[in-house]
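Hi everyone, thanks for coming. Let's look at one model together and walk through a few spots in it.

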Amino acid sequence: AAITIKDDTSLVWKALGDPSKHVVVQTAPAVRVALGEALGLPGNQAVTGKMVAALRHLGFDRVFDTNFTADLTIMEEGYEFLHRLQNGGKLPMITSCSPGWVNFAELTYPDLLDHLSSAKSPQQMFGALVKTYYAETAGIDPKDIVSVSIMPCTAKKGEAAREEFNSSGYQDVDYVVTTTELAMMIREQGLDFASLPIEEYDSPMGIST
């Protein structure tokens with residue numbers, strides 16, 4: 001059952017229904033294309049604005065874009081690569097963005113771990129920023145923030161659950177739901193996805209190149 005979805009929608013619904021919690025969501029780039037097809041729209045069509053509107057209808061307090069920290073990942077990994085190149089570090093350097101690949105290396109080729117970038121993945125960078133930078137600027141105690149990510153990959157659930165990902169003293173990402181799970185939630189809410197308006201991500205963590 002390695003590629004079977006572990007359904008976390010009930011946990012997200014519970015958080016959305018708790019008035020004491022501030023629930024923030026980030027969406028991975030691939031979700032904006034696959035979601036439309038999962039809800040009966042033509043395939044290969046980006047539905048970014050409708051997805052943002054749907055997430056607000058579901059009750060999320062802030063809707064952000066994982067691409068924000070994908071940009072940070074590019075900068076961090078680029079800096080790390082230059083440092084390795086100039087100081088005799090281990091090459092080639094391999095991105096640590098994919099938790100499936102990281103797990104594979106850890107379990108099967110541990111001798112390659114020195115080649116992995118030390119940077120967190122965009123999902124985990126985002127979760128860390130939500131519980132630190134965002135919590136501080138928004139004036140919200142990180143213990144009251146629930147960080148949710150919408151991802152195309154089931155391995156992201158395992159990545160979020162790793163004990164070391166708790167920069168603020170709280171887990172960086174609390175729950176991960178897949179594109180399929182989000183489509184289920186939209187149907188459960190009774191939303192007519194095709195008729196939703198086009199809305200924009202919240203700033204500043206919804207801005208990306």
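How are α2 and α8 oriented to each other: roughly parallel, roughly antiparallel, roughly perpendicular or oblique? They are oblique; angles under 35 degrees count as roughly parallel, over 145 as roughly antiparallel, 65 to 115 as roughly perpendicular, and the rest as oblique. Helix α2 covers residues 31-38 and helix α8 residues 179-188, and they pack at about 50 degrees with axes 9 Å apart. Axes here are lines fitted to C-alpha atoms, over the stretch in contact for helices, and angles run from 0 to 180 degrees between N-to-C directions. Helices are DSSP runs (H or I, at least four residues), numbered from the N terminus.

A quick word on the model: it is predicted, local features need pLDDT of at least 70, side-chain atom pairs count only at pLDDT 80 or more, and totals for chains, interfaces and linings use all residues. Residues are numbered from 1 along each chain as its sequence is written, and side-chain values use heavy atoms, with hydrogens and water left out.

Next, please find Lys157, in helix α7 (residues 155-160). Lys157 counts as buried because its relative accessibility is 13%; the cut-offs are under 20% relative accessible area for buried, over 50% for exposed and partly exposed in between, with a 1.4 Å probe and protein chains only. Leaving out residues up to four places away in sequence, Lys157 touches Ile5, Lys6, Asp8, Val176, Val177, Thr178 and Glu181, contact meaning heavy atoms within 4.5 Å.

Last stop: Ser98, in the loop between α4 (67-87) and α5 (99-108). At 35% relative accessibility, Ser98 is partly exposed. Ser98 and Lys156 sit 58 residues apart in sequence, and their C-alpha atoms are 8.1 Å apart.

How values were computed
Helices (H or I, at least four residues) and strands (E, at least two) are DSSP runs, numbered from the N terminus.
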